[in-house]
Amino acid sequence: MDPVLSIRPLLAVAVASLAALSVLLLHNREKLRDLVSPVAAVLMFAIVASMAPTVLAGGTVDLRLFEILPGIDLAFRVDALGMVFATVSSLLWIVAAVYSIGYMRHLNEHAQTRFYACFALSLAAAVGGAFSANLFTLVIFYEVLSLVTYPLVYHHEDEEGWAGSRKYLVYLMGASKSVLLAALALTYHIAGSLDFRAGGLLAGADASPALLTVVYFCYLFGFAKAAVMPMHAWLPAAMVAPTPVSALLHAVAVVKMGVFCVLRVIFNVFGVGLVGDLGLGIATAYLVSFTILMASVYALTRDDLKARLAYSTVSQLSYIVLGAVLLSPVAMVGGIIHIAAHAFSKITLFFCAGSIYCASGKRKISDMAGIGRRLPWTMGAFFVASLSMIGIPPTAGFVSKWYLAEGSVEAGQVAFLLVLLTSSVLNAAYFLPVSYSAFFEAESGEGHATVREIPLVTVPLVATAFLSVLMGIFPDYFLTLANGVVR
Amino acid sequence: MTLPLLSLIVFLPAAGAAVLMFLRNDDAVRWIALGFTLLDFALAVAMLVGFDTTTHEMQFTETRPWVPALGITYALGVDGISALFVFLSALLGWICVLASWAAIDRKVKEFMVSLLSMQALMLGVFCALDLFLFYVFWEAMLIPMYLIIGVWGGEGRVYAAFKFFLYTLAGSLLFLVGVIVLYFQGGQTFDILALTARDLPFHVQSWLFFAFLIAFAVKVPMVPVHTWLPDAHVQAPTAGSIILAGVLLKMGAYGFLRFSLPMLPDASLYYSTLMLALSALAIVYGGFLALAQDDLKKLVAYSSISHMGFVTLGIFALNLRGLEGGILQMFNHGVTTGALFLFVGLIYERTHTRSIADYGGLMKVAPVYTAFLALFTLSSMALPGTNSFVGELLVLTGGFAASPAFGAAAVLGALLGAAYLLGMYRKVALGPADARARFKIHDVNGRELVAILPLAVFVLWVGLYPKPFLGIIDASVKHLLVQVHGNGSSP
């Protein structure tokens with residue numbers, strides 16, 4: 001199938017960028033300013049969706065802007081993997097945009113103009129990254145995403161905010177200005193290009209296995225947004241941001257950009273064949289298994305709800321990488337659809353954390369006993385999303401974990417089945433007590449007498465909980481795309 | 001008889017300087033100086049428009065006999081490499097005038113005369129095709145630069161100017177010895193192109209290589225002969241710093257490109273590992289020094305040492321990507337570091353302190369200033385999408401091809417760059433804004449914005465569409481590679 005030439009990939013980026021500009025221009029007309037983001041989100045999702053049929057049919061949408069260096073273009077290519085990431089990000093932006101309005105207004109947050117502008121730019125960067133046709137273009141959007149989320153992390157401008165945002169930038173920029181930079185230069189040196197190729201850019205390249213192994217690990221740790229240990233510490237630090245940021249950016253856009261880049265490297269830079277030949281698949285699988293289990297253990301010990309969710313994210317991101325590096329088609333499908341499954345469920349959990357905070361000012365799980373009776377919708381959604389995280393049917397998490405489990409058997413690596421099972425038990429251990437305590441324990445301390453659901457906050461989280469179940473029942477869209485990547 | 005475009009470009013600022021001497025009104029001096037430098041810039045643009053990028057041959061050449069008895073001619077011409085720097089010098093010329101508009105308030109006429117003379121001599125260096133003429137321009141530059149630092153500089157200006165003068169003069173004297181040796185060994189001619197075609201024996205090449213190395217290394221500057229630079233920068237007025245960083249430092253690297261590589265190819269190849277090692281040392285050592293600074297100007301000055309290390313690393317990788325990256329990085333460094341010195345100057349004019357510890361929360365009081373500062377800071381740390389990233393990627397790719405170890409050292413330098421630049425920005429622009437109460441800072445005005453904007457344009461232009469810039473140098477670099485490696489063996 002010939003690629004479709006279209007300006008739509010650029011348009012999707014432009015819509016979000018223009019939204020940011022409009023937000024800045026409308027800074028003293030608050031009602032109008034707040035409307036910009038939901039409208040832009042719907043527009044962006046429409047543009048992304050308009051390309052879906054082509055991609056579902058196995059085609060690509062291409063846009064080549066111009067040559068940067070010989071072998072390096074500034075170019076877009078919408079393929080199945082990019083479509084998974086872009087669909088999830090743009091769809092959830094709609095929900096998050098509404099949620100943000102409810103959250104920011106209720107808490108009467110300062111610097112809302114900066115908040116909405118940076119938020120929109122983050123989405124521009126995420127979708128731009130999803131649609132990038134080569135490493136050069138991808139890395140531009142990757143770095144822009146780090147920069148525009150930085151003000152969102154220091155948003156509160158208190159001591160905690162400055163410290164957290166500093167750690168955020170040190171990890172992300174440190175990784176990209178060292179190992180990632182080296183990986184890019186070495187790749188360009190070896191291959192003379194930075195393009196994504198179907199079977200892998202470096203496949204058949206004239207380079208020693210040792211050098212290729214170095215380059216591979218430079219990518220794996222250079223894309224620190226994927227939060228593979230030890231490059232994960234920035235993520236809990238980023239939790240000082242307002243909750244809509246933690247929800248859409250630090251559970252979906254930013255972290256998925258990280259794993260998306262890692263998948264790109266595995267599928268389109270090295271190629272599945274080369275990763276297998278070098279024996280890197282199994283090495284990475286052990287590495288990320290450690291992350292999966294260790295992060296879950298960390299999550300167990302955290303009483304701050306957002307911190308617990310953050311470590312859970314670190315763990316779940318490594319599921320995605322694990323799926324890819326098992327190198328069996330079924331496992332790869334599982335990893336790819338886990339991008340969507342985790343996104344829908346984890347954003348719900350963060351939305352719930354924000355809803356609880358808005359309604360009651362509570363952040364610690366130990367203070368939330370009995371709150372479920374006051375916030376039935378919020379805690380109901382929390383329970384549904386928890387089930388998806390654990391992997392219980394009929395939720396989205398069940399589908400992806402099923403594929404991952406089957407894939408590890410198919411790959412002949414039963415050890416990782418054990419990792420998945422252990423991790424699921426740990427998931428249950430750190431999520432279910434939250435729901436149990438919220439619904440069945442007596443209200444702690446002074447009680448929650450004044451706590452009420454806030455409609456503009458509650459509706460979005462119910463919607464995303466619904467999405468988590470919907471994808472569990474109708475996973476076809478993402479399965480088709482994932483199969484398109486693996487094929 | 002065609003228009004002697006290069007002579008016009010070189011001598012227009014000198015003519016401007018002559019005109020200025022007859023003026024009394026400071027404002028008239030400023031406007032006339034701006035007029036001459038802008039006109040000069042227009043001519044440089046015209047030169048680039050008419051430049052043929054398909055050939056490595058010298059273009060816009062002019063030759064007139066000067067001292068026939070000694071084989072000295074007045075010969076000008078540009079190839080792709082020099083054309084790019086003629087353009088850069090002409091661009092920074094009028095930006096320097098704007099940067100000095102309010103900052104220089106005494107002896108304005110004398111300052112502008114020095115500035116324009118400096119401008120003429122720098123352009124002369126890049127255009128000269130006769131070694132003697134080159135040497136005249138090269139040495140004469142010292143005088144106006146000495147005056148700019150020594151008269152209009154800060155408190156320690158006399159010491160700094162003297163140190164600058166001594167270092168450069170010491171290097172230049174060795175260069176003079178080299179020039180004389182070259183004159184006799186090369187058949188008693190000063191014609192640079194003819195000398196380039198000579199095939200000198202290796203031992204002669206070696207001696208000349210080290211004579212040139214010391215002269216050029218002082219200018220670049222390379223570690224360990226870099227110590228004049230921080231003093232000169234800290235004491236120099238803003239325009240002086242912009243010229244120093246933007247153009248003067250490029251002279252050393254240009255010397256390697258114009259003399260060492262094509263005239264002494266065997267020695268250049270033989271000693272390339274040494275040069276790579278010195279470059280890597282400059283990158284890392286300069287980076288650590290920058291990391292330790294509290295003075296804004298010193299931080300930018302030491303970062304220059306690190307960044308110029310990238311330039312020489314690219315050049316002595318002696319492959320296509322390294323050389324193109326090195327030359328592009330020379331241009332980028334001129335734009336970006338020039339801009340950073342401008343920004344340090346702007347804020348110093350308002351607060352009279354350069355200590356990073358005195359700042360904080362500037363974003364709240366000067367949003368436009370801090371937004372552009374962010375752009376140039378990110379450009380300096382080579383964020384993807386900015387000019388320096390393209391250059392850095394090329395240099396590293398070329399560097400890794402030449403030597404993985406030195407390539408890795410350069411990566412460490414890039415990491416250090418991110419650390420000191422982002423650290424500086426965070427402390428100055430962000431953070432708790434308690435320090436800002438001490439200053440009544442107004443944001444950038446229209447005149448300052450006019451000086452900033454073109455530099456910002458080049459940051460993004462080269463970052464996203466570097467092709468025109470690489471196109472200018474491409475043919476000349478490929479020819480240079482043939483000169484170094486001989487026909488058919490260039491990598």
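Helices here are DSSP runs of H or I of at least four residues, strands are runs of E of at least two, and both are numbered from the N terminus. The model is predicted: local features need pLDDT of at least 70, side-chain atom pairs count only at pLDDT 80 or more, and totals for chains, interfaces and linings use all residues. Residues are numbered from 1 along each chain as its sequence is written, chains are lettered from A and ligands numbered from 1 in the order in which they are written, and side-chain values use heavy atoms, with hydrogens and water left out.

**View 1. Lys250(B), a buried lysine in helix 11.** Let's start inside chain B, where helix 11 (residues 238-263) carries Lys250(B). Lys250(B) is buried but has no salt bridge, and Glu392(B), the nearest side chain of opposite charge, is 15 Å away. Buried means under 20% relative accessible area, exposed over 50%, and partly exposed in between (1.4 Å probe, protein chains only). A salt bridge is a side-chain nitrogen of Lys or Arg within 4 Å of a carboxyl oxygen of Asp or Glu. In counting charge, Lys and Arg are positive, Asp and Glu are negative, and His and the chain ends are left out. What joins the side chains of Lys250(B) and His333(B)? A polar contact of 2.9 Å does; such a contact is a pair of N or O atoms within 3.5 Å, where, within protein, one must be able to donate a hydrogen and the other to accept it, and residues adjacent in sequence count only if both atoms are side-chain atoms. Leaving aside residues up to four places away in sequence, Lys250(B) touches, among others, Phe126(B), Met308(B) and Met330(B) (contact means heavy atoms within 4.5 Å).

**View 2. A salt bridge between the chains, Glu67(A) to Lys467(B).** These two side chains meet at 3.5 Å, N to O. The pair crosses from strand 2 (residues 61-69) of chain A to helix 21 (residues 467-485) of chain B. Glu67(A) is partly exposed at 22% relative accessible area, and Lys467(B) is also partly exposed, at 40%.

**View 3. Asp79(A) and Arg264(A), a link within chain A.** Their salt bridge spans 2.8 Å, N to O. Asp79(A) sits in the loop between strand 3 (72-78) and helix 3 (80-107), while Arg264(A) lies in helix 9 (residues 243-270), 185 residues apart. Asp79(A) is buried at 17% relative accessible area, and Arg264(A) is buried at 2%.

**View 4. Further charge pairs in chain A.** Arg64(A) bridges to Asp73(A), with the closest N and O atoms 2.8 Å apart. Arg33(A), Asp34(A) and Arg105(A) are linked in a salt-bridge network.
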